[in-house]
Amino acid sequence: MYPIILLSFLGIVVLFLGFAKSKAILLPATLLFLAVALVGNFVEWNQGTIIYFYNMLAVNNLTLAFNGIVLVSAFMIVAMTRGFQDDDEAQPAEYYAIMLFSLVGAFMMIGFENLIMLFLGLEILSVAMYVLTGSDKRNLRSNEAALKYFLMGAFATGILLFGIALLYGATGSFTLTGIQAYIGQGNPSYLLYGGLLLVLIGMLFKVSAAPFHFWTPDVYEGAPTIFTAFMATIVKTAGFAALFRLLSHSFTGIYDYWWITLAVITVLTLLVGNIIAVYQDSFKRMLAYSSISHAGYLLIALTAMTPQTENSILFYSMAYSVATICAFGVLIPLAREKAMTGKPRETYEAFNGLARNNPLLAFVLTVSMLSLAGIPLTAGFWGKFFVFGSAAERGIIWLLVVAILMSAVGIYYYFRVIMAAYMKEGDTAEIRVAPFYKIVLVTATIITLLFGIAPGLFTGLV
Amino acid sequence: MPVTLLVLIPLLPLIGFLINGIGFRHIPKGAVGLIGSLAALGSFAASVAVLLAFKEGGSQPMIVSLFDWIKVGELNIPFSFQVDQLSLLMLMIITGVGSLIHIYSIGYMKHDPGFGKFFSFLNLFLFFMLLLVLGSNYVIMFIGWEGVGLCSYLLIGFWNKNTDFNNAARKAFIMNRIGDLGFLLGIFTIIHAFGSVEYTEVFRQATGLPVGDHVVFAITMLLFVGAMGKSAQIPLYTWLPDAMAGPTPVSALIHAATMVTAGIYMVIRSNVLYTLAPETLEIVAVVGAVTAIFAASIGLLQNDIKKVLAYSTVSQLGYMFLGLGVMAYSASMFHVITHAFFKALLFLGAGSVIHAMSDEQDIRFMGGLRKKLPITFITFAVATWAIAGLPPFAGFFSKDEILAHAFEHNKLLWGIGVLGSALTSFYMFRLLFLTFFGSFRGTHEQEHHLHESPAAMTIPLVILALLSAVGGFIGVPEALGGTHQLAEFMSPLFDTARQVNPEAFAATALTHSEEWILMAVSVAVALIAAVIAYVMYISRSAVPAPESEARTGVENVVYHKYYIDELYDTVFVKPMKSLSGVLSSFGEFVIDLFVEGTGKLVKGLSNLGRQTQTGSIGYYVFAMVVGIVVILFWNLLLN
């Protein structure tokens, strides 16, 4: 609860800081504010479930842990922005403020107790993302992406709202407990089923599950890379936290009704994400499909909905976020240094010979790719292991078979990057990386390896 | 128990490894040696502190849980350390002898370009070895087990420009993998049978099982296969002599004093299980005894100073397994300790000789070195005396204890043991006489360069010589009017085993006079062998024949190590190679077809799927709507 208040207020402070002559203060200030919010977040650690604002918002260890993942991800991403100093047209104060505000939306989604809060949080987060996607104003692709994202997002929001209305119509309540109580009475009406499906569709759009994924590649590619990273990690984590909360708190009573739909969507998402990623030439676009495929793996845990699910989603989100941040973190300096005719170069070829030019970046990249591919000794392996474990516990073996086959396909496109970095000769342009930037990347890599070797360190926390 | 202190024991070498491993190109040589040795010494100091703290706290094992490591379903594997008599003794050997060898290496490796690399590997080895003995469950032991295997591989092939050395490293690795497979299957069986890998939990449950239980038999056999690989027992011993390709300090630390005793550690650690499986113990005893005499017989005719010591190590490890097989667990541990002292000393002494001889290792070209290398000579002689089992040095007490237990158990095994001890005495004195006595047989240039080694090398020699001389007094048998402090210290380790099979731990039936006779026999045999060696190599100053000379039948077979390497090559390697040839010519075609076909299929699908991404927003929304309609239609109307 504290980070919501803190960041709402501190976001405004950042806006005012924007009036200062020197923009240099913005980055440290934002990082400081995020750190403050992170500390504020864990004040309520281990205090059981606390309900705020007349049943609107709940705080417990799980929501705090999700908040923690979101905050740490945000901290790393903000740290990699370098204050937007190399761009005269940029408006860093606004960007930072919007990022902080969007986190408030994410927290609301993570801890919502009332569907209104879910909607509010989702919109705060989404609108912020529309703006950030289009922040590179002179870039046509950025504009196009923002417009696409906005149009389709608005459509999905409409569906979600419609679903919420139907749920209210059926149950007479917006609260999770109210809906659960209604289902507990038995014999729910058709309105409830329709409402659930529409809400699910609205949410699945946000986490880019197939067949509602079409916006993802175009938007991810068009948006400035730093905001793509933001989208790929924070929106996804918050989206899955919200989906998990919704399904586990209210709809376990009619599990038999919704799981098969979710399972089919899961399979479709896995297929689309992994198979289409194979043909991509752009690293950024590949990561977009990779983000679709990871949505698929996370959906497996939701589909299984066992007592393990909450831990597996948490661990998976952490592992995925950290590895994705590393991947984008390596791409950003590389694409800038190897820019051709003013445009950043984001194809696989940009990575050629990276191991020679900058062994550190190559190593960071390798660990992140291994983690995304789910190779042992990285956090990504355990993420997949826990997710698959929950499906095995539920006994949905056919889903597991598809998932394992698809993760084999995943190795192809993740390893292409490693091969480019280590086995191909490239130009010898020097890649310069600021020390602070390096610290962020190395920390993220250490996290990936540490939780890959000792996952108990993380799972023991919650 | 000070947890931080305990954690420091493995952590210090790890830190040393990281510093030297990452920065070896930039750190000056002096600092590299200092960092590596300080890490080992610090670890030793912490071990001593932990030992003292443990002695104050009583005799019960202490388990220090660091964090939850793996939690899958019912199985919970914590990352925790177990401190008890066994792990403490191993700690003392590993860090103590390890520190000495680190210091020795500063002198020995001084001129090597890979100095930094060497020290980082050595520290990494210490880390894994400490993990192996500190872990409180089989999985941590396995990590250490694999880790030391890796370091052994890296260090055997340390001079990786030489193809033979690389092959030796690979051989060691592959042979160990065979053993590891057994170990791994053993762990799986333990998980299956007990649902846990924690020592305390497994042994607690095992007490409920009857003696001779089939599952326990399977587990102990599988674990023993692992031990055979790591501790170089027949049939998996051939890698150890080849492992002498590594730098000599490595041979001393890894291939004599510590890593190869991991198999013994494992059996003693699992003493409850082994006590429940008398059939396994019988096999262990036979394998040990046969290895002891077999390797000793090969040692008789070897001419490479390090090869002789290598076969002697295999043979001594055989004695330790013989001791385990007759349930003389603490006697075996005693021999591990004394062996660590005198065998490390022998290797380091050999290293000093090789250092002086400008890398010559063939004893046919040595001789008369005692005047030029007095310290090396005296310490080497002490070690020879100790390993030959002559009183009052360390080897006498430990070997005799094993032989006494063997006598009680089975007279034949005892006979083999005594014969082996005669052979040991002979080949060791042969080595001593050929190297240090007589006249110099090397080239003129070598003679010119002869010099005693620097202090960094001789000080560890002297310390180890002292330990080899007096180390045996921690276990003086009652028959000689002493008290067996080591056995008393280790006694609580076997409480559980005593409970499940009290008969096996019955008090010794030997009278003191019988024990005296046994001791007299083995000492006499060793002395006679030493005298024969004296007559042959000093009185008659015989020198082993050069490579080219023809040898008679039996001699030839023994000289060529019973052609075991060639046998393995014909029986395993060649058929495997031809099978692999068949598979690669035929199988590869089929598999390629399949693999590439799959790849093409995925790529084709990918190309098709890619075309759905048209970029047109109307199309996207349309696809979404279709999705929504299908979902709603299917769920609401068809269900």
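**Exercise 1.** How many helices and strands does chain A have?

*Solution.* The model is predicted: local features need pLDDT of at least 70, side-chain atom pairs count only at pLDDT 80 or more, and totals for chains, interfaces and linings use all residues. Residues are numbered from 1 along each chain as its sequence is written, chains are lettered from A and ligands numbered from 1 in the order in which they are written, and side-chain values use heavy atoms, with hydrogens and water left out.

Step 1. Take helices as DSSP runs of H or I with at least four residues and strands as runs of E with at least two, numbered from the N terminus.
Step 2. Chain A then has 19 helices and two strands.
Step 3. The radius of gyration of chain A is 21 Å, close to the 23 Å of the globule rule for 462 residues, so chain A is as compact as a globular protein of that length. The radius is taken over C-alpha atoms, and the rule is 2.2 Å times the number of residues to the power 0.38.
Step 4. Along the principal axes, the C-alpha atoms of chain A fill a box of roughly 70 × 55 × 40 Å.

**Exercise 2.** What percentage of the residues in chain A is buried?

*Solution.* 
Step 1. Buried means under 20% relative accessible area, exposed over 50%, and partly exposed in between, with a 1.4 Å probe and protein chains only.
Step 2. Of the 462 residues in chain A, 65% are buried.
Step 3. For contacts in chain A (heavy atoms within 4.5 Å) between residues at least 6 apart in sequence, 79% join residues at least 24 apart.

**Exercise 3.** Where does Pro78(B) lie, and which residues is it in contact with?

*Solution.* 
Step 1. Pro78(B) lies in strand 2 (residues 75–83) of chain B.
Step 2. Pro78(B) has a relative accessible area of 13%, so it is buried.
Step 3. With neighbours within four places in sequence left aside, the contacts of Pro78(B) are Ser65(B), Phe67(B), Trp69(B), Asn137(B), Ile140(B) and Glu198(B).
Step 4. From Pro78(B) to Ala497(B) there are 419 residues in sequence and 24 Å in space, C-alpha to C-alpha.

**Exercise 4.** Is Met305(A) buried or exposed?

*Solution.* 
Step 1. Met305(A) is in the loop between helix 12 (283–304) and helix 13 (309–337) of chain A.
Step 2. Phi of Met305(A) is near 45°, a positive value in a residue other than glycine.
Step 3. The relative accessible area of Met305(A) is 9%, so Met305(A) is buried.

**Exercise 5.** What is the value of phi near in Met327(B)?

*Solution.* 
Step 1. Met327(B) is in the loop between helix 14 (305–325) and helix 15 (329–356) of chain B.
Step 2. Phi of Met327(B) is near 65°, a positive value in a residue other than glycine.
Step 3. Met327(B) is buried, with a relative accessible area of 16%.
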